[in-house]
Amino acid sequence: MREPEGAAEPERSGGERAAFDAFFAGHYRELARFAYLLTGEPDAADDITAEALAEAWKHWNRVSSADRPLAYVRRIVANLAADRTARLVRERRSWRLWGLGRSDRTEQPDTAGAVDLREALLQLPARKRACIVLRYYYGLSERETASTLGIAVGTVKSQSSRGLEELAARLRGSRYAAPGESRSAATKGATP
C-alpha cells in the first residue's frame with residue numbers, strides 16, 4: 001500500500017543515507033538497463049528504476065539487511081515492469097473492445113529486415129523475459145534468478161527453457177534465419 005503524498009519520511013542516519021547513495025551510484029545504470037530489457041522503452045525504464053529505488057529507500061532497513069540487496073531491488077524492478085506490462089495489456093484490450101485499437105501482430109514483418117532480438121524478447125511473457133534476461137544477459141545462476149524473482153528454481157529452469165524455445169522460434173523467421181528457411185516454415189508448430 002502506498003503512503004499518501006506528503007507523508008513524513010522516516011528518520012534516517014547519515015550512515016544510512018551514505019550507504020543508499022553508494023548503492024544508488026553503484027547500481028542505478030544496471031537496474032535501468034534491466035528495466036529497459038524488460039520493457040523495451042527507455043522512458044518507462046527510467047520511471048521504473050526511479051520508482052524501484054524510491055521503494056528501496058523507503059524500506060532501506062529491510063533492503064540493506066537482505067542477503068543480496070541488489071537482488072532485492074532487481075525483484076522490485078521486475079515486479080514493477082510486470083505490473084506495467086499487465087496494465088498496458090488491459091488498456092489495449094479495452095481499446096480493442098471499443099474498436100479503436102489495432103492489432104500489434106502481423107503475418108509478415110513491417111520491414112524487409114524482420115524482427116530483431118529485442119523485439120522478439122519483448123513478445124515473451126514477463127516472467128519468461130525476466131528469467132532469460134537475468135540468466136543470459138546478467139549471467140545469474142538459476143538459484144540467483146529464482147531468489148531475485150521470488151520463484152522456485154524449477155520454475156526458472158522451465159521458464160528459461162520455454163522462453164528460449166519461443167525466442168528461437170520467433171527469430172527463425174528474422175534476418176537471423178538459416179539460408180533457405182522461410183518465416184512460415186520456421187514458425188510452423190511454434191507456440192505463439
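1. Glutamine 159 sits in helix α8. In this predicted model, its relative accessible area is 14%, and since buried means under 20%, the residue counts as buried. Leaving aside residues up to four places away in sequence, glutamine 159 is in contact with Arg127, Lys128 and Cys131.

2. Those contacts belong to the packing of α6 on α8. The two axes come within 8 Å and cross at roughly 95°, so α6 and α8 are roughly perpendicular to each other. On the α6 side the contacts are made by Arg127, Lys128, Cys131, Ile132, Arg135 and Tyr136. On the α8 side they are made by Thr155, Val156, Gln159, Ser160, Arg162, Gly163, Leu164 and Glu166.

3. Lysine 128 and glutamate 166 form it, with the closest N and O atoms 2.3 Å apart. Lysine 128 lies in α6 (residues 126-137) and glutamate 166 in α8 (residues 153-172), so the bridge ties together parts that are 38 residues apart in sequence. Both lysine 128 and glutamate 166 are buried.

4. Helix α7 (residues 142-149) also packs against α6: the axes come within 9 Å and cross at roughly 135°. The range for roughly perpendicular ends at 115 degrees and roughly antiparallel begins over 145, so α6 and α7 are oblique to each other. Their crossing is right-handed. Ala130, Cys131, Leu134 and Arg135 of α6 meet Glu142, Thr145, Thr148 and Leu149 of α7.

5. Arginine 135 has 19% relative accessibility and counts as buried, the cut-off being under 20%. Glutamate 142, with a relative accessible area of 28%, is partly exposed.

6. What angle do the axes of α7 and α8 make where they cross? The angle is roughly 105°, and the axes come within 8 Å. The two helices are therefore roughly perpendicular to each other. Contacts run from Glu142, Arg143, Thr145 and Ala146 in α7 to Val153, Val156 and Lys157 in α8. Val156 of α8 also takes part in the contacts with α6.

7. Elsewhere, the side chains of glutamate 41 and arginine 84 meet in a salt bridge, at 2.8 Å from N to O. This pair links distant parts of the chain, 43 residues apart: glutamate 41 is in the loop between α1 (14-39) and α2, and arginine 84 is in helix α4 (residues 69-97). Glutamate 41 is partly exposed, with a relative accessible area of 34%. Arginine 84 is buried, at 14%. In total, the structure holds 6 salt bridges.

8. Beyond residues up to four places away in sequence, glutamate 30 touches Leu70, Arg74 and Tyr138.

9. Helix α2 covers residues 42-58, which makes 17 residues. At 1.5 Å a residue the helix should span 24 Å, and its end C-alpha atoms are 24 Å apart, so the two values agree. The buried residues of α2 are Ala44, Ala45, Ile48, Thr49, Ala52, Leu53, Ala56 and Trp57. An α-helix has 3.6 residues a turn, so residues three or four places apart point the same way.

10. For the chain as a whole, the secondary structure comes to 9 helices and 0 strands, in the order α-α-α-α-α-α-α-α-α. Of the 192 residues, 33% are buried. Of the contacts between residues at least 6 apart in sequence, 66% join residues at least 24 apart.

Technical notes
Residues are numbered from 1 along each chain as its sequence is written. This is a predicted model: local features need pLDDT of at least 70, side-chain atom pairs count only at pLDDT 80 or more; totals for chains, interfaces and linings use all residues. Side-chain values use heavy atoms; hydrogens and water are left out. Helices (H or I, at least four residues) and strands (E, at least two) are DSSP runs, numbered from the N terminus. The expected span of a helix is 1.5 Å times one less than its number of residues. Buried means under 20% relative accessible area, exposed over 50%, partly exposed in between (1.4 Å probe, protein chains only). A salt bridge is a side-chain nitrogen of Lys or Arg within 4 Å of a carboxyl oxygen of Asp or Glu. Contact means heavy atoms within 4.5 Å. Axes are lines fitted to C-alpha atoms, for helices over the stretch in contact, and angles run from 0 to 180 degrees between N-to-C directions. Angles under 35 degrees count as roughly parallel, over 145 as roughly antiparallel, 65 to 115 as roughly perpendicular and the rest as oblique. A crossing is left-handed if the near helix is turned anticlockwise from the far one by less than a right angle, and right-handed if clockwise.
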